[in-house]
Amino acid sequence: LKFILATTEVRKIPVTILSRCQRFDLKRVNLEKLFLHLKNIAKKENGSISDSAIQLIAKASEGSVRDAISLLDRALISQSINKKEIQDQDVRLMLGLADRGKLISLFKEILSGNQKNACKHLKELIDNGLDAKNFLNDILEILYLFNRRINLGPIENDLMISESELQLIDTYSKNLDSQDLGIFWQLTIKTMDDLRVVGNENLALEMYVMQLIHLKSIDQREEILTEFSLNEDS
């Protein structure tokens with residue numbers, strides 16, 4: 001008789017059990033392999049789904065094959081009902097994700113200090129079913145891409161970044177530096193914590209956008225970074 005234990009919290013397993021087990025650590029699958037695997041499943045299941053939609057599912061699963069297949073299953077069920085090919089916008093709606101191009105455009109308005117247009121972009125995203133936590137995680141990813149562009153040069157072709165998005169990043173990164181990105185990163189993390197106690201998430205996101213615009217327009221960057229560090233320590 002053999003027992004197979006599966007967990008993501010291996011530290012919680014008692015040592016008395018671990019000492020009697022043979023351990024296998026399963027690593028997360030990279031996006032390209034996961035994309036090909038999902039595409040193969042969709043083909044075998046006669047599912048009508050675009051490559052861009054599969055890419056979004058692969059990205060959202062964060063390397064977990066089980067989660068990716070579950071998301072693909074949800075998408076294919078909706079396709080069997082609607083009788084049409086699933087597009088990336090359908091997956092975004094299903095998961096509450098925002099279009100990255102629209103997020104970068106929102107970021108452009110923030111960098112320009114245009115509060116009215118920035119709030120307008122945010123409202124459009126919210127009206128399209130934006131999930132607040134996913135939105136902030138997407139902002140963190142964009143900040144990472146900008147930082148990568150500033151410090152490492154042009155971003156090479158990536159399965160998860162379209163050519164148009166690369167062009168937007170190249171254009172808007174000229175108005176940023178690492179200190180700006182550090183401040184934006186800290187504020188985004190803080191806003192994610194605030195969501196746990198704020199009743200109206202949409203108001204929290206609007207305040208977040210306005211704070212980003214304010215931070216970009218002032219010069220006391222070192223003081224701001226120090227203040228964030230003190231808040232984290234407390």
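In which handedness of crossing does α6 pass α7? The answer comes below, after a look at the whole chain.

## About the model

This is a predicted model, in which local features need pLDDT of at least 70, side-chain atom pairs count only at pLDDT 80 or more, and totals for chains, interfaces and linings use all residues. Residues are numbered from 1 along each chain as its sequence is written, and side-chain values use heavy atoms, with hydrogens and water left out.

## The overall picture

The protein chain holds 12 helices and zero strands (DSSP runs numbered from the N terminus: H or I of at least four residues for helices, E of at least two for strands). Of its 234 residues, 35% are buried, meaning under 20% relative accessible area with a 1.4 Å probe, protein chains only.

Among contacts (heavy atoms within 4.5 Å) with a separation of 6 or more, 70% join residues 24 or more positions apart.

## Where α6 meets α7

Helix α6 covers residues 100-112 and helix α7 residues 115-127; their axes come within 8 Å and cross at roughly 160 degrees. Axes here are lines fitted to C-alpha atoms over the stretch in contact, with angles from 0 to 180 degrees between N-to-C directions. The two helices are therefore roughly antiparallel to each other, the term for angles over 145 degrees. And the opening question? α6 passes α7 in a left-handed crossing, where the near helix is turned anticlockwise from the far one by less than a right angle.

From α6, Lys102, Leu103, Ser105, Leu106, Glu109 and Ile110 meet Asn117, Ala118, His121, Leu122 and Leu125 of α7.

Definitions and conventions
Buried means under 20% relative accessible area, exposed over 50%, partly exposed in between (1.4 Å probe, protein chains only). Angles under 35 degrees count as roughly parallel, over 145 as roughly antiparallel, 65 to 115 as roughly perpendicular and the rest as oblique.
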